[in-house]
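Thanks for coming, everyone. Please take a look at the model on the screen, and then I'll walk through some side-chain contacts.

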Amino acid sequence: PGQAEMYAGLQELGVANGEDLKETLTNCTEPLKAIEQFQTENGVLLPSLQYALPFLDLHGTPRLEFHQSVFDELREKLLERVSAIALEGKVEERYKKLEDLLEKSFSLVKMPSIQPVVMCVMKHLPKVPEKKLKLVMADKDLYKACAVEVKRQIWQDNQALFGDEVSPLLKQYILEKENILFSSDISFLQNFFSPSPKTRRQGEVVQKLTQMIGKNVKLYDMVLQFLRTLFLRTRNVHYCTLRAELLMSLHDLEISEICTVDPCHKFTWCLDACIREKFVDNKRARELQGFLDGVKKGQEQVLGDLSMILCDPFAINTLALSTIRHLQDLVGQDTLPRESPDLLLLLRMLSLGQGAWDMIDSQVFKEPKMEAELITRFLPLLMSFVVDDHTFTVDQKLPSEEKGPIPYPSTIPEAFTKFLQENRIACEIGLYYILHITKQRNKNAFLRLLPALVETFSDLAFSDIFLHLLTGNLTLLSDEFALEEFCTSLFDGFFLTACSRKENVHRHVLRLLLHLHHKVAPAKLESLQKALEPTKQSGEAVKELHNQLSEKLELRKPSPAEVTETPSMELPLPTVPTPASR
């Protein structure tokens, strides 16, 4: 039945096939004559060939080989011709030719040798007849074989089928992001935010999605709808990154059909330039503000999309880094945060980004209200920490008098801890300030503020992105890991408070120790190894990391041979009588 189905289309076109030959041979008295007649009727009808074929026979070239090579050659010519027709003449005429050709050839679509031609015709038709699309969709093999141009026409009216195609790509994307955050390479130089936006857009998933969408606005909208739905369902901010990357990937290809209808395009383009520089400069700040101020009445829904673009961790990272830089500049200028319009704009965008989930969930499209205390109390507090550092540095340089050196301030204002617990924006900026002082190798400031991280808004201090950045920056303080006080504050006072309830924290601590174990005092290392032992509930990743750590520590232990040899070096030397004592 496979063979019969494969050649079924030939009969419709009045072309004889294997079944016809079989029938002829079954019902004839002279088989050789019947074969000769069949060859004459169905062979290549060129008079000059009558003399050439016997010549090929003399060279032992089978007729099948000859016909196959002629067929391949003709198919190539036909494919070239189809592609040429798709570009020549008036639009209606060229598509009319292709539609006629499809009508004639479609019955052979399951014939492997002819299938490429049929697929090529469909690929060049902007609108394949509905009936043909349904037949392709119903047949798994045909669907698989058809070009993405044809699949787009199928997908745009079959959201579920398109969802099945897109879903594994989205899973892969999230997995790739998580693999980077949990990467075994820990460094302050190379981290999650190091690749430029353009590099990220070359990633496999973004490229595949871009190709699947083509210039089709309907498919683009479907992907955005999937991303919104998944973001709502999971709160996973990497979907926001993909939303921005996809738009900018289409921007790179100059797909104006989509870029001009996405109201976020220019805003995303401007923000993308800021992310590339990891800083929002004054000129771009004005542009971004213009977009936000330009949201007209009745179009507030665009705020939902803008908030998702701003919720992208790469955007938050850029806004937070810019905020810290602005605060430092304000200290130098003796200016208060409320007097800096640039700083207020950064906070406005941070607030919009951090409010993305609530906005999309509630479908209430208005900018979140900025709490005055954030600007009048919290940011001045951060600035006072910067001043404390300056004062301490200057004090260290002054000649010490009787009173001795001034100690570094060790207490944290209660308001700071409270802000980190209750205000999302304050917490985000506070965490970035802590990353900033760690990067500056400012151990004193780090140990002073660390206790405030045990309880933070929505446990942000235990989020993967923060811990990924913190572990990277802590490599700059690697020498401090030899000190008991430092390790106790960092591990017992911070990490271990969450390890048992948060698997991701457990993984990040093990990553850090795998990287810096050689710096930690042996006794402390041993107690940490015990404290970090996986439980029954622990996942494979934690078990694997703990095994790796145990192996490394095993290698560090001196071998029994060394242990026995060492004391022999310390035996008292035999007393040799000196000449004087004789």
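K283 is exposed, at 62% relative accessible area. Exposed means over 50%, buried means under 20%, and partly exposed is in between, with a 1.4 Å probe and protein chains only. E287 is partly exposed, at 35%. K283 and E287 form a salt bridge, with the closest N and O atoms 3.6 Å apart. A salt bridge here is a side-chain nitrogen of Lys or Arg within 4 Å of a carboxyl oxygen of Asp or Glu. Both residues sit in helix α18 (residues 282–293), four residues apart, so about one helical turn separates them. Helices are DSSP runs of H or I with at least four residues, and strands are runs of E with at least two, numbered from the N terminus.

A word on the source. This is a predicted model: local features need pLDDT of at least 70, side-chain atom pairs count only at pLDDT 80 or more, and totals for chains, interfaces and linings use all residues. Residues are numbered from 1 along each chain as its sequence is written, and side-chain values use heavy atoms, leaving out hydrogens and water.

How many salt bridges does a search of the whole structure find? The search gives 26. One of them joins D305 and R243, with the closest N and O atoms 3.6 Å apart. D305 is in helix α19 (residues 302–311) and R243 is in helix α15 (residues 238–252), so this bridge ties together parts 62 residues apart in sequence. Are D305 and R243 buried or exposed? Both are buried.

Another bridge pairs K502 with D459, at 3.9 Å between the closest N and O atoms. K502 is partly exposed, at 22%. Shared partners also join R228, R243, D262 and D305 into one salt-bridge network.

Now the rings. Rings of Phe, Tyr and Trp (its six-membered ring) pair if their centres lie within 6.5 Å; planes under 30 degrees apart are stacked, over 60 edge-to-face, the rest tilted. That rule gives 17 aromatic pairs. Take F193 and F314: their centres are 5.0 Å apart and their planes at 85 degrees, so this pair is edge-to-face. F193 is buried at 3%, and F314 is buried at 2%.

F314 has another neighbour. R200 lies over the face of F314, 3.5 Å from the ring centre. For a charge over a ring, NZ of Lys or CZ of Arg must be within 6 Å of the ring centre and within 35 degrees of the ring normal.

Last item: ring pairs link F446, F462, F481, F486, F491, F494 and F495 into a cluster.
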